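Please keep the sequence and the model side by side while reading.

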Amino acid sequence: MFKKILLAVTPQINTETAPKAAFDLARKRGAELILFHAMPIGKDAWCSFEETIPEKELIESTRKKIAEYYADDLKSIPKHSIRVVTGSVDERLLTIIHSEGIDLIVMGHHTSAIHRPDSMWGVVNTSIRKVCSNVFCPVMVVTNEMPKGADIKRILMATDFSTPSDSALCYATQLARTNDAHLDIFHVLDIGQTRPNPKYYMQKMDIFIDKAMERMKNRYAKALDGISHSYHCWEGIPYSEILKQARWVDSDVIVMAQYSSSEEPSQPSIGSTTIQVALSPGCPAIIVNYRPRACL
(Lines give C-alpha, C1' and ligand atoms only; values in the text may rest on other atoms or scores of the structure.)
Protein backbone atom coordinates (compact mmCIF):
# COMPACT_ATOMS: atom_id res chain seq x y z
CA MET A 1 0.00 0.00 0.00
CA PHE A 2 1.33 3.47 -0.94
CA LYS A 3 4.02 2.13 -3.27
CA LYS A 4 3.78 5.03 -5.70
CA ILE A 5 2.74 8.46 -4.38
CA LEU A 6 2.00 11.57 -6.41
CA LEU A 7 2.38 14.95 -4.72
CA ALA A 8 0.67 17.93 -6.39
CA VAL A 9 3.12 20.80 -5.81
CA THR A 10 2.65 24.56 -5.94
CA PRO A 11 4.44 27.45 -4.16
CA GLN A 12 1.08 28.37 -2.59
CA ILE A 13 1.01 25.17 -0.50
CA ASN A 14 2.43 25.28 3.04
CA THR A 15 5.57 23.09 2.93
CA GLU A 16 4.82 21.77 6.42
CA THR A 17 1.53 20.14 5.45
CA ALA A 18 0.96 18.22 2.20
CA PRO A 19 4.60 18.06 0.99
CA LYS A 20 5.87 16.98 4.43
CA ALA A 21 3.18 14.28 4.61
CA ALA A 22 4.09 12.96 1.16
CA PHE A 23 7.82 12.98 1.94
CA ASP A 24 7.31 11.18 5.26
CA LEU A 25 5.02 8.56 3.71
CA ALA A 26 7.50 7.93 0.89
CA ARG A 27 10.44 7.58 3.31
CA LYS A 28 8.64 5.31 5.76
CA ARG A 29 7.24 2.99 3.11
CA GLY A 30 10.12 3.13 0.65
CA ALA A 31 7.69 4.38 -1.97
CA GLU A 32 8.37 6.09 -5.25
CA LEU A 33 7.42 9.76 -5.18
CA ILE A 34 6.34 11.81 -8.19
CA LEU A 35 6.16 15.60 -7.81
CA PHE A 36 3.52 16.84 -10.24
CA HIS A 37 2.64 20.34 -11.41
CA ALA A 38 0.24 21.36 -14.19
CA MET A 39 0.25 24.84 -15.72
CA PRO A 40 -3.14 25.81 -17.22
CA ILE A 41 -1.69 27.35 -20.37
CA GLY A 42 -3.90 27.26 -23.44
CA LYS A 43 -4.34 28.65 -26.90
CA ASP A 44 -7.05 30.56 -28.69
CA ALA A 45 -7.84 31.51 -32.29
CA TRP A 46 -5.52 34.53 -32.24
CA CYS A 47 -2.41 33.43 -30.41
CA SER A 48 -0.64 30.78 -28.36
CA PHE A 49 1.75 30.88 -25.44
CA GLU A 50 4.47 29.63 -27.81
CA GLU A 51 4.61 33.15 -29.24
CA THR A 52 5.93 34.43 -25.90
CA ILE A 53 8.12 31.53 -24.72
CA PRO A 54 8.53 27.96 -26.04
CA GLU A 55 6.46 25.52 -24.00
CA LYS A 56 9.37 23.09 -23.56
CA GLU A 57 11.54 25.89 -22.20
CA LEU A 58 8.87 26.92 -19.70
CA ILE A 59 8.36 23.31 -18.54
CA GLU A 60 12.10 22.74 -18.03
CA SER A 61 12.47 26.03 -16.16
CA THR A 62 9.59 25.13 -13.83
CA ARG A 63 10.97 21.63 -13.27
CA LYS A 64 14.33 23.05 -12.19
CA LYS A 65 12.66 25.48 -9.76
CA ILE A 66 10.70 22.62 -8.15
CA ALA A 67 13.87 20.52 -7.86
CA GLU A 68 15.69 23.40 -6.14
CA TYR A 69 12.74 24.21 -3.86
CA TYR A 70 12.51 20.64 -2.49
CA ALA A 71 16.19 19.67 -2.86
CA ASP A 72 16.84 19.00 0.84
CA ASP A 73 13.74 16.81 1.26
CA LEU A 74 14.37 14.80 -1.90
CA LYS A 75 17.91 13.82 -0.85
CA SER A 76 16.47 11.12 1.43
CA ILE A 77 14.00 9.81 -1.18
CA PRO A 78 16.03 7.90 -3.80
CA LYS A 79 13.06 6.99 -5.98
CA HIS A 80 11.59 10.29 -7.07
CA SER A 81 10.86 12.25 -10.24
CA ILE A 82 9.38 15.62 -11.22
CA ARG A 83 6.69 15.93 -13.87
CA VAL A 84 5.62 19.31 -15.22
CA VAL A 85 2.89 19.54 -17.84
CA THR A 86 0.56 22.13 -19.35
CA GLY A 87 -3.21 21.90 -19.32
CA SER A 88 -6.01 21.14 -16.87
CA VAL A 89 -4.81 19.61 -13.59
CA ASP A 90 -7.52 16.95 -13.32
CA GLU A 91 -7.32 15.93 -16.97
CA ARG A 92 -3.52 15.59 -17.01
CA LEU A 93 -3.59 13.73 -13.71
CA LEU A 94 -5.79 11.04 -15.24
CA THR A 95 -3.12 10.32 -17.83
CA ILE A 96 -0.25 10.00 -15.39
CA ILE A 97 -2.29 7.98 -12.87
CA HIS A 98 -3.12 5.32 -15.45
CA SER A 99 0.33 5.25 -17.06
CA GLU A 100 2.29 5.20 -13.78
CA GLY A 101 -0.03 3.14 -11.57
CA ILE A 102 -0.33 5.80 -8.85
CA ASP A 103 -2.00 4.49 -5.68
CA LEU A 104 -2.19 7.74 -3.65
CA ILE A 105 -2.41 11.45 -4.54
CA VAL A 106 -1.41 13.98 -1.88
CA MET A 107 -2.76 17.53 -2.14
CA GLY A 108 -2.88 20.55 0.15
CA HIS A 109 -4.97 23.68 0.48
CA HIS A 110 -3.64 27.03 -0.77
CA THR A 111 -2.11 29.29 1.84
CA SER A 112 -3.83 32.28 0.19
CA ALA A 113 -7.12 32.28 -1.64
CA ILE A 114 -7.79 34.07 -4.91
CA HIS A 115 -10.19 36.94 -4.28
CA ARG A 116 -13.59 36.25 -5.79
CA PRO A 117 -16.38 38.52 -4.56
CA ASP A 118 -19.03 36.16 -5.95
CA SER A 119 -17.82 33.16 -3.93
CA MET A 120 -17.69 32.01 -0.33
CA TRP A 121 -15.93 29.22 1.56
CA GLY A 122 -17.41 25.86 0.62
CA VAL A 123 -18.85 27.13 -2.67
CA VAL A 124 -15.74 27.98 -4.66
CA ASN A 125 -14.71 25.57 -7.38
CA THR A 126 -11.46 23.95 -6.24
CA SER A 127 -8.81 21.87 -7.98
CA ILE A 128 -9.11 19.39 -5.13
CA ARG A 129 -12.78 18.79 -5.86
CA LYS A 130 -12.17 18.44 -9.60
CA VAL A 131 -9.37 15.95 -9.03
CA CYS A 132 -11.36 13.91 -6.51
CA SER A 133 -14.31 13.76 -8.90
CA ASN A 134 -12.30 12.48 -11.85
CA VAL A 135 -9.55 10.16 -10.62
CA PHE A 136 -9.93 6.61 -9.36
CA CYS A 137 -7.10 6.38 -6.84
CA PRO A 138 -7.56 7.86 -3.33
CA VAL A 139 -6.72 11.52 -2.72
CA MET A 140 -5.22 12.59 0.61
CA VAL A 141 -5.93 16.23 1.44
CA VAL A 142 -3.58 17.58 4.13
CA THR A 143 -4.40 20.86 5.88
CA ASN A 144 -2.50 20.31 9.16
CA GLU A 145 0.72 18.42 9.81
CA MET A 146 0.53 14.63 10.01
CA PRO A 147 1.97 12.85 13.07
CA LYS A 148 5.75 12.59 13.11
CA GLY A 149 6.91 9.75 10.89
CA ALA A 150 3.54 9.59 9.11
CA ASP A 151 2.22 7.03 11.58
CA ILE A 152 -1.38 5.96 10.99
CA LYS A 153 -2.59 4.31 14.18
CA ARG A 154 -6.19 5.55 14.39
CA ILE A 155 -8.49 5.87 11.39
CA LEU A 156 -11.95 7.45 11.32
CA MET A 157 -14.28 6.14 8.61
CA ALA A 158 -17.43 8.23 8.03
CA THR A 159 -20.31 6.29 6.49
CA ASP A 160 -23.85 7.02 5.35
CA PHE A 161 -24.53 3.37 4.34
CA SER A 162 -24.39 4.19 0.62
CA THR A 163 -22.61 2.03 -1.97
CA PRO A 164 -19.73 4.55 -2.29
CA SER A 165 -19.36 4.48 1.51
CA ASP A 166 -19.15 0.70 1.45
CA SER A 167 -16.34 0.96 -1.10
CA ALA A 168 -14.54 3.52 1.07
CA LEU A 169 -14.94 1.28 4.12
CA CYS A 170 -13.24 -1.58 2.26
CA TYR A 171 -10.34 0.78 1.59
CA ALA A 172 -10.29 1.85 5.25
CA THR A 173 -10.09 -1.77 6.43
CA GLN A 174 -7.15 -2.37 4.09
CA LEU A 175 -5.45 0.75 5.47
CA ALA A 176 -6.12 -0.41 9.05
CA ARG A 177 -4.70 -3.90 8.44
CA THR A 178 -1.59 -2.54 6.73
CA ASN A 179 -0.84 -0.13 9.58
CA ASP A 180 -2.19 -2.26 12.45
CA ALA A 181 -4.46 0.67 13.28
CA HIS A 182 -7.71 1.06 15.20
CA LEU A 183 -10.70 1.84 12.98
CA ASP A 184 -13.58 4.04 14.19
CA ILE A 185 -16.79 3.68 12.15
CA PHE A 186 -18.91 6.81 12.47
CA HIS A 187 -22.41 7.69 11.24
CA VAL A 188 -24.06 11.10 11.65
CA LEU A 189 -27.83 11.41 11.79
CA ASP A 190 -28.21 14.49 9.58
CA ILE A 191 -30.59 16.87 11.34
CA GLY A 192 -30.41 19.37 8.45
CA GLN A 193 -28.20 22.40 8.04
CA THR A 194 -30.81 24.94 6.95
CA ARG A 195 -34.06 23.10 7.67
CA PRO A 196 -34.68 20.58 10.50
CA ASN A 197 -35.21 16.98 9.40
CA PRO A 198 -38.73 16.29 10.70
CA LYS A 199 -38.32 12.52 11.10
CA TYR A 200 -35.87 12.98 13.98
CA TYR A 201 -38.46 14.85 16.01
CA MET A 202 -41.09 12.09 15.88
CA GLN A 203 -39.28 9.74 18.29
CA LYS A 204 -36.50 9.93 20.85
CA MET A 205 -33.10 10.36 19.22
CA ASP A 206 -31.79 7.32 21.11
CA ILE A 207 -34.09 5.12 19.04
CA PHE A 208 -32.52 6.32 15.78
CA ILE A 209 -29.02 6.04 17.23
CA ASP A 210 -29.61 2.45 18.37
CA LYS A 211 -30.94 1.50 14.93
CA ALA A 212 -27.92 3.03 13.19
CA MET A 213 -25.50 1.32 15.56
CA GLU A 214 -27.16 -2.04 14.93
CA ARG A 215 -27.11 -1.42 11.20
CA MET A 216 -23.36 -0.69 11.26
CA LYS A 217 -22.64 -3.85 13.23
CA ASN A 218 -24.71 -6.04 10.91
CA ARG A 219 -23.39 -4.43 7.74
CA TYR A 220 -19.67 -4.25 8.55
CA ALA A 221 -18.97 -7.16 10.95
CA LYS A 222 -17.49 -9.40 8.24
CA ALA A 223 -15.21 -6.70 6.83
CA LEU A 224 -13.92 -5.75 10.30
CA ASP A 225 -13.07 -9.27 11.42
CA GLY A 226 -9.63 -9.24 13.03
CA ILE A 227 -9.41 -5.42 13.08
CA SER A 228 -9.50 -3.36 16.27
CA HIS A 229 -12.61 -1.20 15.79
CA SER A 230 -15.47 0.67 17.42
CA TYR A 231 -18.79 2.18 16.31
CA HIS A 232 -20.07 5.70 16.95
CA CYS A 233 -23.28 7.52 16.08
CA TRP A 234 -25.16 10.67 17.05
CA GLU A 235 -27.06 13.55 15.47
CA GLY A 236 -25.81 16.82 14.03
CA ILE A 237 -24.48 18.56 10.92
CA PRO A 238 -22.34 15.85 9.22
CA TYR A 239 -19.15 17.75 8.36
CA SER A 240 -18.99 19.44 11.78
CA GLU A 241 -19.61 16.21 13.74
CA ILE A 242 -17.03 14.28 11.68
CA LEU A 243 -14.40 16.91 12.49
CA LYS A 244 -15.36 16.81 16.18
CA GLN A 245 -15.17 13.03 16.35
CA ALA A 246 -11.77 12.99 14.65
CA ARG A 247 -10.51 15.50 17.21
CA TRP A 248 -12.02 13.69 20.20
CA VAL A 249 -10.52 10.28 19.38
CA ASP A 250 -7.27 11.80 18.09
CA SER A 251 -7.59 10.33 14.60
CA ASP A 252 -4.54 10.28 12.35
CA VAL A 253 -6.61 10.25 9.18
CA ILE A 254 -10.27 10.44 8.06
CA VAL A 255 -11.53 8.20 5.24
CA MET A 256 -14.59 9.33 3.28
CA ALA A 257 -16.30 8.52 -0.01
CA GLN A 258 -16.43 10.91 -2.95
CA TYR A 259 -19.87 11.06 -4.58
CA SER A 260 -18.80 11.99 -8.09
CA SER A 261 -21.66 10.07 -9.68
CA SER A 262 -24.32 12.25 -8.05
CA GLU A 263 -22.61 15.64 -7.99
CA GLU A 264 -21.65 17.85 -10.92
CA PRO A 265 -17.91 18.69 -10.56
CA SER A 266 -18.36 22.15 -12.06
CA GLN A 267 -21.13 23.01 -9.61
CA PRO A 268 -19.62 22.58 -6.11
CA SER A 269 -22.03 23.45 -3.32
CA ILE A 270 -21.87 24.10 0.39
CA GLY A 271 -23.64 20.75 0.89
CA SER A 272 -20.54 18.75 -0.04
CA THR A 273 -19.67 17.13 3.29
CA THR A 274 -16.55 15.45 1.92
CA ILE A 275 -14.99 18.68 0.61
CA GLN A 276 -15.94 20.64 3.73
CA VAL A 277 -14.21 18.07 5.94
CA ALA A 278 -11.16 17.86 3.67
CA LEU A 279 -10.62 21.63 3.51
CA SER A 280 -11.19 22.25 7.23
CA PRO A 281 -8.30 22.36 9.72
CA GLY A 282 -7.75 18.93 11.22
CA CYS A 283 -6.13 15.60 10.47
CA PRO A 284 -5.63 14.57 6.81
CA ALA A 285 -8.66 13.28 4.90
CA ILE A 286 -8.42 10.48 2.35
CA ILE A 287 -11.16 10.82 -0.25
CA VAL A 288 -11.97 7.53 -1.96
CA ASN A 289 -13.73 7.51 -5.30
CA TYR A 290 -16.05 4.59 -5.98
CA ARG A 291 -14.53 1.34 -7.20
CA PRO A 292 -16.04 -2.14 -6.80
CA ARG A 293 -14.37 -3.64 -3.72
CA ALA A 294 -15.33 -6.96 -2.18
CA CYS A 295 -14.99 -6.99 1.59
CA LEU A 296 -18.54 -6.99 2.96
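A residue is called buried here when its relative accessible area is under 20%. The model is a predicted one, and by that cut-off helix α6 is mostly covered, since 13 of its 17 residues are buried. The helix comprises residues 163-179, and its length can be checked against expectation: at 1.5 Å a residue its 17 residues should span 24 Å, and the end C-alpha atoms are 25 Å apart, which agrees. Just after α6, the backbone at D180 takes a positive phi of about 50°.

What does α6 lie across? The helix lies across β4 (104-108), β6, β7 (182-190), β9 and β10, and it runs at about 150° to β9. These strands belong to an open sheet of ten strands, in which the order is β3-β2-β1-β4-β5-β10-β9-β6-β7-β8 and the pairing is mixed. The edges are formed by β3 (80-86) and β8 (229-236), each of which pairs on one side only, and from one strand to the next the twist averages 25°. In general, strands of a sheet pair through backbone hydrogen bonds, either parallel or antiparallel. Strand β6 (residues 154-158) and strand β9 (residues 253-258) run parallel and are joined by three bridges, and within this pairing M157 has V255 of β9 as its bridge partner.

Nonpolar side chains tend to be buried together in soluble globular proteins. The largest nonpolar core has 62 residues, and of these L33 and V255 touch the most other members. When neighbours within four places in sequence are left aside, V255 is in contact with I155, L156, M157 and A158, with A168, Y171, A172 and L175, and with I286 and V288.

A search of the whole structure finds one disulfide, which joins C170 to C295 with an S to S distance of 2.0 Å. With -85° about the S-S bond, the link is left-handed.

T274, found in helix α9 (residues 273-279), is buried with a relative accessible area of 4%; leaving aside its neighbours within four places in sequence, T274 is in contact with M256, A257, Q258, Y259 and I287. S61, by contrast, is found in helix α2 (residues 55-69) and counts as partly exposed at 32% relative accessibility. The C-alpha atoms of S61 and V84 are separated by 9.6 Å, although the two residues are 23 apart along the chain.

Notes:
Residues numbered from 1 in each chain as written. Predicted model: local features only at pLDDT ≥ 70, side-chain atom pairs only at ≥ 80, totals over all residues. Heavy atoms only, no water. Disulfide = S-S within 2.5 Å. Helix = DSSP H or I, 4+ residues; strand = E, 2+ residues; numbered from the N terminus. Core = buried A, V, L, I, M, F, W, Y, C linked by side-chain atoms within 4.5 Å. Buried < 20%, exposed > 50% of the residue type's maximum accessible area, 1.4 Å probe, protein only. Contact = heavy atoms within 4.5 Å. Pairing = 2+ DSSP bridges. Axes fitted to C-alpha atoms, helices over the stretch in contact; angles between N-to-C directions. Expected span 1.5 Å × (residues − 1).
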